[in-house]
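Colleague: Please take a close look at one part of this model, the packing of helices against one another. I would like the angles, the handedness and the residues involved, in one connected account.

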Amino acid sequence: MKLKSYANGEWYKSSASGIVLRNAINGENVAEISSKGLDFESMLEYGRNIGGPALRKFTFHQRALMLKDLGKYLMDRKEIFYTLSAATGATRTDSWIDIEGGISTLFVFSGKGRREMPNSHVYVDGDQEVISRHGSFTAQHIYTPIRGVAVHINAFNFPCWGMLEKLAPTLLAGIPAIVKPASQTAYLTELMVKHIIESKILPEGSLQLISGSTGDLLNHLNFQDAVSFTGSASTGLKLKNTAAIVENSVRFFMEADSLNCSILGSDVEPGSDEFDLYIKELTREMTVKAGQKCTAIRRALVPAGRLDAVVEAMIAKLSKITIGDPVNESVRMGALAGLDQREDVLDQLSRLSQDNEVLYGNSGDIVLLDADVQKGAFMSPILMCASNPTTSNAHDIEAFGPISTLMPYSDETQAVELAALGKGSLVASVVSNNSEVATNLALGIAAYHGRVLILNSACAKESTGHGSPLPQLIHGGPGRAGGSEEMGGIRGVKHYMQRTAIQGSPDMLTAVTGSWLRGSSRNTDTIHPFQKHFDELEIGDSITTGKRAITLQDIEAFAELSGDKFYAHMDSEAAKRNPFFEDRVAHGYFLVSMAAGLFVWPEEGPVLANYGMDNLRFATPVYAGDVLQVQFTCKQKVNRETEDYGEVRWDTTIVNEQGEVVANYDVLTLVAKKAG
Ligand code: NAP
């Protein structure tokens with residue numbers, strides 16, 4: 001089978017002979033791969049001219065719904081992917097991380113996109129900035145999608161997840177992608193892309209696939225494009241230095257090797273729950289995906305006094321790991337992705353052996369279930385121990401397989417120093433049940449890591465584990481790990497958008513952002529905005545309410561009703577001793593309640609519910625005798641695509657007769673759409 005590429009709206013099969021890809025378990029041919037003959041420049045143009053505009057027609061929410069539909073479509077077909085995934089050497093659990101873990105990133109980004117982004121084309125970043133004395137000149141940061149193509153160059157170890165975790169934020173941002181999977185396991189990515197294209201859920205041009213080399217693609221990138229690379233540091237560095245990438249300041253995100261560590265806290269005694277957790281987690285990270293995970297624990301830091309106990313427990317665990325063909329359900333660890341990969345790992349092992357002693361496992365004979373070591377890329381887990389943890393080459397050599405090195409440490413300061421010798425990693429874990437130990441270690445190592453897991457028995461049951469990047473959290477790390485970030489919720493979407501500070505008059509900025517900014521005009525026509533349906537409401541629709549005088553009886557009645565008899569509301573002399581008040585002050589929550597009494601339209605109408613308030617601040621104290629009124633303005637509308645209502649955010653400002661702002665906040669309501 002010759003793998004195809006999907007380019008310029010068509011499937012393309014190269015007529016050139018390609019590299020033969022072999023089954024990791026039995027060495028049989030799975031596919032051949034070559035991209036020779038592809039016109040890479042035209043693929044970029046196709047993405048920019050067809051995919052980009054098609055995606056950008058949709059709002060963030062509409063694209064988020066696409067991701068959800070795509071997730072459901074792929075999940076319905078997951079068994080097809082599991083079947084082929086076995087050829088990569090993966091067990092069912094390994095494939096679950098790749099296939100269902102990958103699909104779940106689509107669901108997470110879909111949910112976050114609809115909850116945390118507006119249903120529009122502009123993402124407003126942060127608050128309006130005050131930059132002029134009278135407010136006629138203001139500023140707001142916004143994000144809009146870049147106008148190019150995102151090139152995703154992925155590693156071989158997660159052919160599905162590696163594609164989907166990048167596709168989700170890219171498509172949500174509104175950017176078309178060209179995906180280039182690592183050749184070794186590209187047959188599984190190709191299969192998934194075939195199903196994605198068949199689904200017709202994504203607009204044409206938003207996804208293209210290169211099966212094989214990228215040819216001269218990178219030479220044609222411009223400043224509106226982005227590259228997201230996952231792989232070895234050496235390849236990453238080479239690609240990052242492509243002339244077009246350097247000269248055009250192309251965004252280049254790099255997720256590279258990482259010598260992740262896990263630290264056993266000095267408080268943890270053998271036999272405790274935390275000790276068992278450490279052993280379990282280390283065993284899992286060595287053996288899941290046969291250690292071919294960028295987040296796997298490569299360096300296991302343990303207090304010197306616990307070394308013997310850890311070694312004994314690890315050997316007991318590792319000796320129970322069954323290795324072989326994952327079709328056999330009792331197999332716990334499958335094969336590496338290919339014989340070349342095993343060669344690489346064995347090379348690294350021999351280098352590691354110069355500084356570190358092998359305590360368990362070997363590079364030769366292993367007992368396999370239903371498999372032949374000559375044909376499949378099998379190897380045993382190998383546990384090593386650094387003779388001198390400070391100078392060990394295990395801080396520099398990433399053996400991308402089931403190999404970990406134990407490193408005894410004397411105290412927390414040394415543990416932090418050893419962790420830092422990894423020169424920047426994706427993740428570290430600290431296993432401790434002592435908050436002081438955990439805090440010292442976590443804060444000591446945080447600057448060298450993108451993610452830190454603190455594990456103890458209190459969170460173990462629900463913990464997702466050391467090695468699982470989550471779409472909600474940053475995946476990436478400083479230094480050697482590449483210095484970039486992926487995922488991290490909406491942060492990951494912003495990587496594919498340009499942040500721009502827009503300056504101008506409030507009215508102009510309201511028009512640009514689609515969100516009412518302070519100082520903008522208010523539309524105060526005769527109809528109360530609560531009488532308008534979602535579709536009829538316009539940004540800036542506003543009322544200025546009637547006035548209400550605050551009395552001492554109001555303050556006392558509210559204190560009685562709520563039970564809030566804080567001295568500053570009840571006792572004039574005590575209130576005067578308070579540096580902020582001149583007398584008995586009205587309850588802030590009374591003001592918010594009385595404001596609703598002023599601005600609501602009481603009759604049954606399109607407004608269905610008040611679901612909260614944001615950014616409430618009490619700015620000026622209110623005393624008996626003050627007269628207040630409310631300015632209430634439609635600030636932002638979020639259309640709920642699949643509901644018969646939308647969300648409306650109202651700027652709410654309570655002012656006194658001197659024109660001072662007493663309180664300011666956003667009221668959040670659900671408003672019905674007009675039937676039909
Ligand atoms: P690799 O050899 O560096 O390859 C990575 C990707 O780059 C592959 O798609 C590869 O394609 C492509 N590539 C290689 N040379 C290229 C070139 N000249 N132009 C364009 N593309 C090129 O890495 P790998 O062996 O696939 O993956 C293992 C490494 O990835 C490990 O070091 C691991 O730590 C790292 N990794 C990191 C993360 C992370 O998130 N930080 C995740 C997974 C893996 P071909 O296969 O076609 O050569």
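Modeller: Helices are DSSP runs of H or I with at least four residues, numbered from the N terminus. This is a predicted model, in which local features need pLDDT of at least 70 and side-chain atom pairs count only at pLDDT 80 or more, while totals for chains, interfaces and linings use all residues. Residues are numbered from 1 along each chain as its sequence is written, and side-chain values use heavy atoms, with hydrogens and water left out.

H3 spans residues 78–85, and its axis lies 10 Å from that of H6, at an angle of about 165 degrees. Axes are lines fitted to C-alpha atoms over the stretch in contact, and angles between N-to-C directions run from 0 to 180 degrees. The two helices are therefore roughly antiparallel, the term for angles over 145 degrees. Contact means heavy atoms within 4.5 Å. Ile80, Phe81, Leu84 and Ser85 of H3 meet Tyr187, Leu188, Leu191, Met192 and His195 of H6. By class, seven of these residues are nonpolar, two are polar and none is charged. Nonpolar covers Ala, Val, Leu, Ile, Met, Phe, Trp, Tyr, Cys and Pro; charged covers Asp, Glu, Lys and Arg; the others, Gly among them, are polar.

H2 (residues 60–76) also packs on H6 (residues 186–199), the axes coming within 10 Å and crossing at roughly 125 degrees. Leu70, Tyr73 and Leu74 of H2 touch Met192, His195, Ile196, Glu198 and Ser199 of H6. The contact has five nonpolar residues, two polar and one charged.

How values were computed. Parallel < 35°, antiparallel > 145°, perpendicular 65-115°, else oblique.
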